[in-house]
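Subject: A structure for you to explore

Hello,

Here is the structure I promised to pass on to you. Please open it and keep it beside this email while you read.

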Amino acid sequence: MDLLIQLDRSAPLSLHQQLYEAIRQAILEGQLLPGQRLPSTRSLAHSLSVSRTTVTQSYEQLLSQGYLETMHGSGTYVCAQLPDFLGRSGPVNTAPPERSPVSLSPYGTRLQQTALIQQPEPATPISFRYGRPALDRFPLKLWRQLLVRHSRRSDWLDYASDLQGYLPLRQAIARYLARVRAVRCDPAQIVMTNGTQQAIALVLRLLIQPGDGIALEEPGYLSARRIFLSHGAALLPIPVDASGLVVEKLVATADATVRLVYVTPSHQFPTGSILSLARRLELLDWVQQSGAMILEDDYDSEYRYGDRPIPALQGLASSESVIYCGTFSKVLFPSLRLGYLVLPCSLVPLVTQAKWLSDRQLPLLDQMVLADFIAAGHLESHIRKMRSHYDHNRQTLVQALTQQFGQQVEVLGEQAGIHVMVRFHLPFSHDEILDRITQAGVGVMSAQPHYCQPNDRSEFIFGYGELTPAQIQEGIAGIAQALDAAHIDSLHKLS
Ligand SMILES: Cc1ncc(COP(=O)(O)O)c(C=O)c1O
């Protein structure tokens with residue numbers, strides 16, 4: 001073998017690995033040809049001044065990977081069956097191939113064009129970030145006990161036989177929804193999902209094709225809108241006022257292409273308004289006539305302060321026109337990834353199939369634990385405790401905002417949920433307000449991305465679930481200082 005092999009004894013790579021790499025490279029570059037004989041381990045070890053074990057190890061690695069072969073009694077050869085391109089047409093480029101543009105499906109192309117991935121929020125000492133419950137108040141000990149109890153069984157290790165989700169969990173949810181949300185459903189209508197996100201995605205996959213219309217609240221839930229766009233839906237934004245979606249506007253503007261209306265009637269996201277009974281009936285009447293479906297997202301209706309919760313839209317509907325979805329992300333914790341769809345009976349087999357095709361099933365152990373948690377009354381007792389905690393936070397936030405900003409602020413949607421929407425009336429642009437707040441070390445979320453139509457409204461979403469009252473006060477005081485609230489308020493009072 002006329003091959004110059006140089007081994008470096010000071011290199012971090014072992015000698016046998018270096019030898020392996022050198023021979024492999026020689027084969028790939030055509031310096032060693034298919035069928036060519038290699039020196040015996042003894043003679044190669046001698047010429048390289050290494051041990052015979054070193055050479056044997058390298059040969060064995062190359063043999064096991066198919067670069068070399070042995071012929072009984074006659075030595076070691078470069079494999080004769082190497083792919084055609086090796087050793088024939090000169091050196092092979094072994095550098096990692098440059099990424100060639102992958103040809104995408106229409107779905108892939110839409111994802112690429114609409115930059116759907118959310119940017120992480122910058123970390124700040126105090127953050128009114130949206131959507132986080134008070135995780136430090138979660139009854140972890142209780143959850144752990146249930147987890148340990150169920151993990152002693154072994155039936156959760158296998159594939160689930162129940163493709164709609166664990167039956168005792170669906171039974172517990174059906175009872176809970178009937179009692180607390182006046183949803184009319186049988187456990188057979190429930191399909192467990194990986195949160196609301198998967199629930200919406202499954203519904204879209206089954207009902208919507210590119211070009212179909214979806215009416216949605218303006219402003220509305222961005223993550224839902226992203227799913228709609230990824231499916232190529234034509235969006236029809238409908239304004240929202242203090243009584244929720246302006247159904248009159250929907251009736252006046254929707255055409256026959258509108259197949260779905262996505263609404264958050266119990267606590268409109270993000271404005272917090274509640275869809276009035278009159279509008280609920282009007283909406284149900286319209287879908288009855290138009291043949292469109294309603295997708296009702298009931299994401300945080302459990303937290304309602306003052307009056308009784310308004311029953312779900314689904315419970316008012318006389319036909320199969322409402323698909324209801326709920327989640328445990330707010331009432332328990334978001335990484336649980338358990339939500340559910342309550343479906344018209346005709347859609348249950350299809351949604352079940354679509355779900356099975358995409359992810360087979362949800363983890364069974366978590367569903368067993370949750371079923372027990374609900375059936376034993378822990379869910380409702382946790383909600384009761386959290387409601388009073390959130391109520392305290394909510395009052396602290398509203399008070400702090402009004403104290404600091406007087407007439408410069410409007411607080412919307414404080415009657416429910418774990419966030420409010422704040423509208424500032426200040427002599428600064430939206431971007432300047434956001435910059436000043438961020439520089440003061442406080443995190444808030446702009447409401448702008450939740451609008452389909454660009455605007456310069458100074459509206460922000462303030463989540464208050466995970467903060468303490470002291471943090472809320474400190475955060476709002478910091479914002480007020482950054483926005484020079486006292487000075488502006490005094491000017492306002494003078495004028
Ligand atoms: C309007 C709305 N729906 C649903 C959810 C919950 O989504 P998931 O169940 O996928 O965590 C949220 C959470 O932020 C939300 O704001």
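Let me begin with charges: Lys and Arg count as positive and Asp and Glu as negative, while His and the chain ends are not counted. Each charge is placed at NZ of Lys, CZ of Arg, CG of Asp or CD of Glu. On that basis the protein chain has 42 positive and 45 negative charges, and their mean positions are 7 Å apart.

Before going further, please note that this is a predicted model, in which local features need pLDDT of at least 70 and side-chain atom pairs count only at pLDDT 80 or more, while totals for chains, interfaces and linings use all residues. Residues are numbered from 1 along each chain as its sequence is written, and side-chain values use heavy atoms, with hydrogens and water left out.

The whole chain

The protein chain contains 16 helices and 16 strands. Both are DSSP runs numbered from the N terminus: helices are H or I with at least four residues, strands are E with at least two. How spread out is the chain? Its radius of gyration is 32 Å, well over the 23 Å that the globule rule gives for 495 residues, so the chain is more spread out than a compact globule. (The radius is taken over C-alpha atoms, and the rule is 2.2 Å times the number of residues to the power 0.38.) Along the principal axes, the C-alpha atoms fill a box of roughly 95 × 60 × 50 Å.

Of the 495 residues, 49% are buried. Here buried means under 20% relative accessible area, exposed over 50%, and partly exposed in between, with a 1.4 Å probe and protein chains only. The chain exposes about 24200 Å², and carbon and sulfur atoms supply 53% of that area. Such areas come from the Shrake-Rupley method with a 1.4 Å probe; for residues, only the protein chains shown count as cover.

A contact means heavy atoms within 4.5 Å. Among contacts between residues at least 6 apart in sequence, 72% join residues at least 24 apart.

Aromatic pairs

Rings of Phe, Tyr and Trp (its six-membered ring) pair if their centres lie within 6.5 Å; planes under 30 degrees apart count as stacked, over 60 as edge-to-face and the rest as tilted. The count by this rule is 14 aromatic pairs.

One of them is W143 with F333, an edge-to-face pair at 5.5 Å centre to centre and 85° between the planes. W143 sits in helix 5 (residues 140–151) and F333 in the loop between strand 10 (322–327) and strand 11 (339–342), so the pair ties together parts that are 190 residues apart in sequence. Are W143 and F333 buried or exposed? Both are buried.

Another is Y303 with Y390: the ring centres are 4.9 Å apart and the planes are at 80°, so this pair is edge-to-face. Y303 belongs to the loop between strand 9 (293–297) and strand 10, and Y390 to helix 13 (residues 378–405), so to speak of distant parts of the chain, they are 87 residues apart. Y303 counts as buried at 1% relative accessibility, and Y390 counts as buried at 1%.

Ring pairs also link Y130, Y221, F269 and Y299 into a cluster.

Backbone details

A cis peptide bond, with omega about 0°, joins E218 and P219. P219 is in the loop between strand 5 (213–218) and helix 8 (222–230). P270 lies in the loop between strand 8 (258–263) and helix 10 (277–290).

A182 is not a glycine, yet it has a positive phi of about 55°. You will find A182 in the loop between helix 6 (167–181) and strand 4 (190–193), partly exposed at 35% relative accessibility. R337 is not a glycine either, and its phi is positive at about 50°. R337 is in the loop between strand 10 and strand 11 and is partly exposed, with a relative accessible area of 30%.

Which residues does Q189 contact, leaving aside neighbours within four places in sequence? They are R184, L341, V342, L343, C345 and V348. Q189 is buried, with a relative accessible area of 14%.

E320 is partly exposed at 40%. Beyond residues up to four places away in sequence, E320 touches M293, P344, C345 and S346.

Happy exploring!
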